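Subject: Structure handover

Hello,

My notes on it follow below.

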Amino acid sequence: MTKQELMEDYMDFMAISMEGKKLEQGEETCIMLDTYLYGMVLTFLQPDWFNCEKHEDAYKTMLNQFSDYRQKAGRFEEYVMIARLSKLIPGPEDRHIYDEVDGELAVMTHILANPADLGLIASNDAKDRKFCRKTIIQYIRRGFNRPSVAPKVLKPKPKLDAAKIAEDLPFALPPLNREARRALEKGQLPFPIHDLLTQPKSYNLKPPEPPEKDEQAEVLEMKSKFIDELHRYVIMLAGRIGGYSLIEKEADWDYLDLDTVTKVLNLDSRYAREAACLRPTSDACALCRPEFRRLLATIYYVRENNLPVEPLFKSGGAERESYFRAADALVLPLLDVVDEQIDMWIAVAGSAIEESHSCQDQLAEANQQIQNLQSKLDEASKQPVISPEEEQELARLREETGKAQQAAKAQEEALERLKEEATALKQEKARLLKALSESQSQYNVMNTQLWDLLEDKIDFVDDEIPDTPEAPAGIRAKIGEDVYQLLSNTRLAVVGGHGNTTTSLRDLFPDWKFFPTNTMVPSGLTSVDAMAVITSYVSHKTFEQAKSVATSAGVRVIQVLHNGPVSICRCLADRLGYKEEIAS
């Protein structure tokens with residue numbers, strides 16, 4: 001079965017399970033949640049093994065139906081709270097972009113799935129569950145082709161053959177007479193059981209035949225691996241939410257064993273290489289989990305520029321490394337800008353929501369005050385005789401009523417203004433996310449310049465990362481004594497780099513300072529002549545932070561586009577002014 005057939009078969013199975021209405025509540029919730037998240041994967045990651053023109057429209061229709069239902073129910077905060085309590089959205093510690101203004105800002109997160117939709121799916125309310133079941137079944141039926149079922153062919157009843165039966169027995173029988181053959185065809189023993197037990201030597205046991213390969217077991221194993229692949233892609237976009245935190249280790253992503261706060265994906269691992277089958281959208285690159293951004297950005301870069309995708313499936317290689325460097329230089333800076341704009345939008349929107357809530361509270365207070373004053377006016381107007389003092393009080397009440405009505409009107413106008421601002425902010429967010437795909441001309445110019453640089457300046461000789469740290473003597477012999485003396489006399493701070501590479505360099509140059517991948521360089525950097533940044537192993541933000549520290553300290557920054565210790569040393573020597581021929 002192809003992966004598309006597996007996808008269609010699995011979706012059909014989930015639809016049939018929900019249509020039967022015999023699932024336990026927990027099972028049904030898991031199936032609906034899986035269906036929603038699988039649709040998100042197919043829409044935003046677009047694996048090349050799935051191709052169905054009607055799927056995207058079906059998924060958008062489902063999202064619109066969810067949105068319309070939530071607006072009509074008016075229980076947005078409740079659904080978001082359900083999603084939080086069910087651990088279906090990342091915690092506030094992730095990027096610190098949540099806000100405690102009711103639950104409205106929870107939707108403004110760096111995930112593609114709407115938290116209120118996830119909470120609606122997990123709701124215990126019977127009406128909510130009926131809606132979700134019906135809507136998700138409709139999505140499956142609209143967005144996926146039904147798997148074809150092979151017609152059942154009834155096989156004729158085989159005629160019993162005594163010779164074949166005797167051949168299939170685990171032991172060899174002596175020649176059979178007519179009576180013995182008839183006994184076998186009737187399913188009886190050809191000889192009395194006593195004869196078989198008392199004369200074992202007359203029957204030779206046959207060696208057991210190897211079991212035939214079970215095709216059904218193969219299909220089940222294939223389906224299991226396919227579901228594991230889908231789960232990895234869900235984690236890539238939505239994180240380890242709900243049951244996705246329980247994925248087995250052998251089916252999980254592989255991470256580098258680094259002493260860093262955030263996880264660092266092993267880009268050379270099997271599953272990271274298999275992810276080259278994806279065709280991620282710009283939204284997926286911007287809103288995926290942080291540890292997958294570099295991988296998706298590189299795949300996006302390769303796909304958008306119609307470059308050969310085969311190197312991404314292979315381990316190591318100069319061409320594959322050049323793809324990552326190009327994405328670091330071109331795509332990641334754009335994503336960082338989008339991050340900053342989204343964070344700014346969230347802050348502005350948060351202030352607008354707070355002000356909106358304040359206006360609503362003041363409006364409710366003003367309306368209550370109007371009702372109180374109006375009741376007092378009604379009581380006073382019913383009195384037959386009004387004293388001068390009461391007349392003054394009545395005039396005062398009328399004046400206060402007028403002021404309260406003006407205040408209420410002002411609050412209503414402010415509320416309408418804030419709604420307009422919120423709409424404008426949503427449009428601005430959509431524009432910013434769309435900017436990734438609309439900046440193609442500038443992107444192509446930068447891309448051409450970078451490839452020229454890669455072709456002219458980068459030497460990939462000895463650029464492979466050693467499986468184990470290389471001995472200092474071997475590196476010293478390869479780079480030559482002059483280069484070694486130049487680098488030994490230069491006080492360097494090295495930011496980033498593979499663990500084996502930094503270990504080799506630390507042994508060779510013990511006076512250098514090393515800052516591992518994604519480690520912030522402390523301010524007040526002193527006693528160094530230059531800072532070398534291994535760009536393949538640092539994020540854009542880490543690079544900018546290190547560059548800022550170096551600039552403040554008046555230290556030169558050298559960008560190194562290499563990985564291996566030998567090529568890094570040669571690059572540094574060249575940038576530090578060494579003009580003699582480097583030893584080979």
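**Helix pair α1 and α2**

α1 and α2 are roughly antiparallel to each other, a term that applies to angles over 145 degrees, with under 35 being roughly parallel, 65 to 115 roughly perpendicular and the rest oblique. Their packing angle is about 150 degrees, and their axes lie 10 Å apart. Axes here are lines fitted to C-alpha atoms, for helices over the stretch in contact, and angles run from 0 to 180 degrees between N-to-C directions. Helices (H or I, at least four residues) and strands (E, at least two) are DSSP runs, numbered from the N terminus.

The model is predicted: local features need pLDDT of at least 70, side-chain atom pairs count only at pLDDT 80 or more, and totals for chains, interfaces and linings use all residues. Residues are numbered from 1 along each chain as its sequence is written, and side-chain values use heavy atoms, with hydrogens and water left out.

Back to the pair. α1 passes α2 in a left-handed crossing. Left-handed means that the near helix is turned anticlockwise from the far one by less than a right angle; clockwise gives right-handed. On the α1 side, the contact (heavy atoms within 4.5 Å) uses M7, Y10, M11, M14, S17 and M18. On the α2 side it uses I31, M32, D34, T35, Y38 and L42. By class, that is nine nonpolar, two polar and one charged residues. Ala, Val, Leu, Ile, Met, Phe, Trp, Tyr, Cys and Pro count as nonpolar, Asp, Glu, Lys and Arg as charged, and the others, Gly among them, as polar.

α1 itself covers residues 3–19, 17 residues in total. It reaches 24 Å from its first C-alpha to its last, close to the 24 Å expected at 1.5 Å a residue. The expected span is 1.5 Å times one less than the number of residues. Its buried residues (under 20% relative accessible area; exposed is over 50%, partly exposed in between; 1.4 Å probe, protein chains only) include L6, M7, M11, M14 and M18. K21 follows α1 and has a positive phi near 55 degrees.

The crossing is left-handed. From α2, the contact takes Q25, E28, T29, M32, T35 and G39. From α6, it takes R129, C132, R133, I136, Y139 and I140. The classes are five nonpolar, four polar and three charged.

α18 (residues 472–479) and α22 (residues 565–575) cross at roughly 45 degrees, and their axes come within 10 Å. So α18 is oblique to α22. This crossing is right-handed. I475, K478 and I479 of α18 meet P565, V566, C569 and R570 of α22.

**α13 and the residue after it**

α13 (residues 293–304) has twelve residues, which should span 16 Å at 1.5 Å a residue; the end C-alpha atoms are 16 Å apart, which agrees. Eleven of the twelve are buried, so α13 is largely enclosed by the rest of the structure. Among the buried ones are R293, R294, L295, I299, Y300 and R303. N306 comes after α13. N306 lies in the loop between α13 and α14 (310–313). Its phi is positive, near 55 degrees, in a residue other than glycine. N306 is exposed, at 70% relative accessibility.

**Other loop residues**

K87 sits in the loop between α4 (76–85) and α5 (115–121). Its phi is positive, about 60 degrees, although K87 is not a glycine. K87 is exposed, with a relative accessible area of 63%.

D254 is in the loop between α10 (215–238) and α11 (270–274). It is partly exposed, at 36% relative accessibility. Leaving out residues up to four places away in sequence, D254 touches L265, N266 and S269.

**Whole protein**

The protein has 22 helices and four strands. Of its 584 residues, 44% count as buried. Among contacts between residues at least 6 apart in sequence, 72% join residues at least 24 apart.

Best wishes
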